[in-house]
Amino acid sequence: MDIKGIMEKMTLQDKARAVAGVGFWWTPAYPELEVPPIQVSDGPHGVRKMYDIPAEKRMGTITSVCFPAACASACSFDPELLEEMGHALGLECQAEDIAVLLGPAVNIKRSPLCGRNFEYVSEDPYVAGKLASALIRGVQAEGVGTSIKHFAANNQEYERMFCSSEVDERTLREIYLPAFETAVKEADPWTFMCSYNRINGTYSSENPWLLTKVLRDEWGYDGLVMSDWGAVADRVAGIAAGLDLEMPGSNGVNEAGICKAVEEGRLSEAALDQAVENVLRLVEKALDQKKEVTVDWEKDHEKALAIARECIVLLKNEEKVLPLSGDEKVALIGGFAERPRYQGGGSSHIESFKVVSSLSVAERYGTFTYNRGFSEAKDEIDEELQREALAAAEEADKIVVFAGLPDVFESEAYDREHMQLPACQNLLIEKLTKLGKPVIVVLHNGSPVELPWADKVDAIVEAYLGGEAIGEAVMDVLYGRVNPSGKLAESFPIKLQDNPSYLNFPGMDHKVRYAEGVFVGYRYYDTKQMEVRFPFGHGLSYTEFRYGNLRVSRKSFTAAEGVTVSVDVTNVGDRAGKETVQLYVADRTGSAIRPVHELKGFCKLALEPGETKTAQFVLDERAFAWYDVKRGDWYAANGSYIIEVGRSSRQIEYTTEVHIIGSKKLPLPIGRDTQLGEILQDPATREYILEQMKPYFDRLVPNDSESMEMVEAIVRFMPLQATRSFYEVTNEQIDEIVADLRKLVEEAEQK
Ligand code: BGC
């Protein structure tokens with residue numbers, strides 16, 4: 001496509017029309033310029049292609065394979081698996097003439113109540129970034145684009161189209177932006193989708209800091225940014241800020257506004273041109289990579305099954321009650337056995353190719369009875385259903401309850417009101433635990449639930465919303481045909497009130513304050529040493545793994561050098577299994593208030609019985625750094641860090657101390673308000689300030705070395721300008737000192 005030539009032929013009106021969608025899913029067409037339209041579709045875990053055939057008066061959604069939602073697929077901790085899922089989705093898109101799949105969605109799970117958590121990957125930005133990048137690479141390798149969403153700080157559904165997320169910059173940089181940043185650097189998504197909400201008062205769709213400064217200038221992104229559907233408030237401001245494509249368009253309203261703004265000089269034509277060029281480049285890319293594909297939907301269903309098996313998390317397994325042997329009489333109880341909840345509501349909802357329930361395949365596994373016990377669709381106690389279930393359970397050797405959240409509890413567009421399972425389910429589970437038989441609970445939910453009976457049941461299997469094949473995958477795990485290997489990509493607090501966002505969710509006066517800052521999920525629970533129901537990263541196996549021989553490539557290194565960490569893991573049990581080894585870094589330098597540790601690496605190993613493999617992690621400067629707003633950069637201070645390797649955030653097997661020496665030198669910004677402590681700390685400025693302030697310091701305490709320590713402690717938090725009140729110094733003299741200090745800092749920097 002000759003983009004330059006096409007743009008030269010475009011009138012202002014043509015250009016204004018080029019930056020808005022047509023219908024719900026198309027980019028505009030210019031037959032006279034030989035620019036065809038391309039189609040986008042949700043996303044993220046299936047192809048929800050919508051059709052509208054007016055001539056036949058038919059509209060709807062095609063059927064396609066519903067893969068595990070991100071809440072589940074994240075538990076695989078397996079980038080290769082996500083990449084495979086991406087390939088399958090990409091090929092399905094090609095077959096359906098879809099140029100861009102709208103996903104993945106990487107918003108951080110700030111509160112368990114967010115209605116869309118099931119679509120999101122994790123409470124941890126590192127996990128979200130790595131797994132989303134893998135999915136993107138898979139889809140795009142098939143010549144189909146992705147749209148990573150929702151950029152950014154869209155962590156609730158309450159007032160999602162208006163609410164302002166009030167987040168400080170450090171928290172944005174460390175928690176809410178890195179998954180997007182990683183994706184840009186490791187997978188280069190064809191498109192970004194900006195979020196509905198405002199950030200610190202400015203809509204994402206017209207936020208130059210977000211869409212241009214951070215995304216393009218700092219991260220170097222050169223793809224297309226589209227709006228979420230209906231997220232545009234001021235289209236002209238949006239173009240100026242870097243929003244290329246409005247979706248799904250405004251029925252021409254904004255086109256007129258764009259033309260007028262350019263004519264009146266309120267919007268530069270260059271900004272509009274850039275947006276047009278980005279749209280055309282996307283069309284070109286899609287056309288170039290279009291290929292003929294036929295999908296074997298049955299095979300893709302099998303892929304969805306294979307992926308689901310890798311995602312299930314065994315949360316508890318007392319006395320090895322699982323796996324079931326196949327010889328015992330098992331009472332299956334709960335409507336979800338018959339109608340599994342396997343996906344969430346809203347724009348990601350797939351018209352599934354076929355749904356396999358656990359009940360429909362149960363006879364392949366052993367002897368069983370089935371009783372509904374409760375309605376899976378609502379929170380209502382049905383005495384008769386309960387009685388029947390209890391009677392069947394009395395006759396069984398083991399009881400498996402299929403519990404979970406009804407559809408209406410979790411969906412896009414609204415948040416959950418509480419974190420509980422329906423009372424009818426909790427009640428029945430409590431009654432079943434009194435029968436004196438092993439009770440196993442399988443959970444179908446998109447986000448953590450309170451588990452008041454957790455200590456009374458023998459096993460808990462978290463199936464999440466595992467896609468259309470989840471019923472079969474669950475049976476494979478229950479009966480040991482598959483050894484579970486999922487780990488939680490989020491914490492399960494004991495109760496909602498424990499969650500760090502509790503006091504500030506979902507906000508008021510159209511604002512939500514992210515007052516907990518960087519202390520999200522385990523970063524909060526672990527720092528506070530709080531009890532949780534199940535920690536981040538937790539997940540059991542039917543075999544056992546032994547960790548050993550933790551080693552580092554060097555004990556001391558410069559931030560730029562980084563370090564390699566290795567640990568051996570041996571399968572000491574009697575069946576093959578997989579273990580996700582996790583690496584956390586704990587900053588002991590005291591340079592900032594930080595979480596007690598943060599995940600900086602994970603590695604899933606497949607091990608035969610007796611086999612040993614090595615998990616290896618390469619830690620770069622960023623793995624140790626925090627975002628220093630004052631310096632406007634990431635900063636890994638000199639000093640001690642503890643490297644922790646373990647099975648979950650709470651089960652650390654080995655630790656080792658390392659030191660950063662010669663961290664990246666970041667100039668201290670100096671002004672009248674710089675504190676003496678900071679100036680004294682910096683070797684470049686220390687001697688000078690000691691000399692300048694000598695009469696004052698001497699007056700505080702006589703100058704022997706021990707009391708000098710005390711003097712430093714006393715003046716540490718005193719800004720330069722405050723010395724006026726304690727030491728005869730004029731404003732002019734302070735300014736001279738400031739100028740000298742700046743010079744010293746500059747000289748040190750140049751060395
Ligand atoms: C959702 C997006 C989705 C879009 C198109 C919006 O309401 O927030 O995630 O891709 O609709 O369906």
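**Entry 1: charges over rings**

I started with R198, whose charged end sits over the ring of F162, 4.4 Å from the ring centre. I call it "over" when NZ of Lys or CZ of Arg is within 6 Å of the ring centre and within 35 degrees of the ring normal. R631 does this too, with its charged end over the ring of Y635 at 4.7 Å from the centre.

Note on what I'm working with: this is a predicted model, where local features need pLDDT of at least 70, side-chain atom pairs count only at pLDDT 80 or more, and totals for chains, interfaces and linings use all residues. Residues are numbered from 1 along each chain as its sequence is written, and side-chain values use heavy atoms, with hydrogens and water left out.

**Entry 2: the ligand**

Next I looked up what surrounds the ligand. I found 14 residues around it, and the closest are D42, R116, H150, Y196 and D228; a residue gets in if one of its heavy atoms lies within 4 Å of the molecule. The shell splits into five nonpolar, two polar and seven charged residues.

A side-chain N or O atom of D42 is 2.5 Å from a ligand oxygen. For D228, a side-chain N or O atom is 2.7 Å from an oxygen of the ligand, and a polar side-chain atom of K149 lies 2.9 Å from a ligand oxygen. Taken alone, the ligand exposes 310 Å², and the protein buries 94% of that. The areas are Shrake-Rupley with a 1.4 Å probe; for residues, only the protein chains shown count as cover.

**Entry 3: aromatic pairs**

How many aromatic pairs does the structure hold? I get 21. Rings of Phe, Tyr and Trp (its six-membered ring) pair if their centres lie within 6.5 Å; planes under 30 degrees apart are stacked, over 60 edge-to-face, the rest tilted.

W25 and W229 make a tilted pair, 5.6 Å centre to centre with 40 degrees between the planes. The two are 204 residues apart: W25 is in the loop between α2 (12-18) and β1 (40-42), W229 in the loop between β11 (224-227) and α9 (235-241). Helices (H or I, at least four residues) and strands (E, at least two) are DSSP runs numbered from the N terminus.

Buried or exposed, W25? Buried, at 9% relative accessibility; W229 is buried as well, at 12%. Buried means under 20% relative accessible area, exposed over 50%, partly exposed in between (1.4 Å probe, protein chains only).

F151 and W219 have ring centres 5.9 Å apart and planes at 50 degrees, so I logged the pair as tilted. F151 is in strand β6 (residues 145-151) and W219 in the loop between α8 (208-218) and β11, 68 residues apart. F151 is buried at 0%, and W219 at 8%.

I also noted a cluster, where ring pairs link F77, Y126, Y522, F536, Y584 and F602.

Seven of the eight residues of α6 (169-176) are buried. At its start, a side-chain oxygen of D168 reaches to within 3.2 Å of the backbone nitrogen of R170.

Last, I checked H538, in the loop between α17 (522-525) and β20 (545-552). H538 is buried at 10%, and its side chain reaches the backbone oxygen of L315 at 2.8 Å.

How values were computed:
A polar contact is a pair of N or O atoms within 3.5 Å; within protein, one must be able to donate a hydrogen and the other to accept it, and residues adjacent in sequence count only if both atoms are side-chain atoms. Ala, Val, Leu, Ile, Met, Phe, Trp, Tyr, Cys and Pro count as nonpolar, Asp, Glu, Lys and Arg as charged, and the others, Gly among them, as polar.
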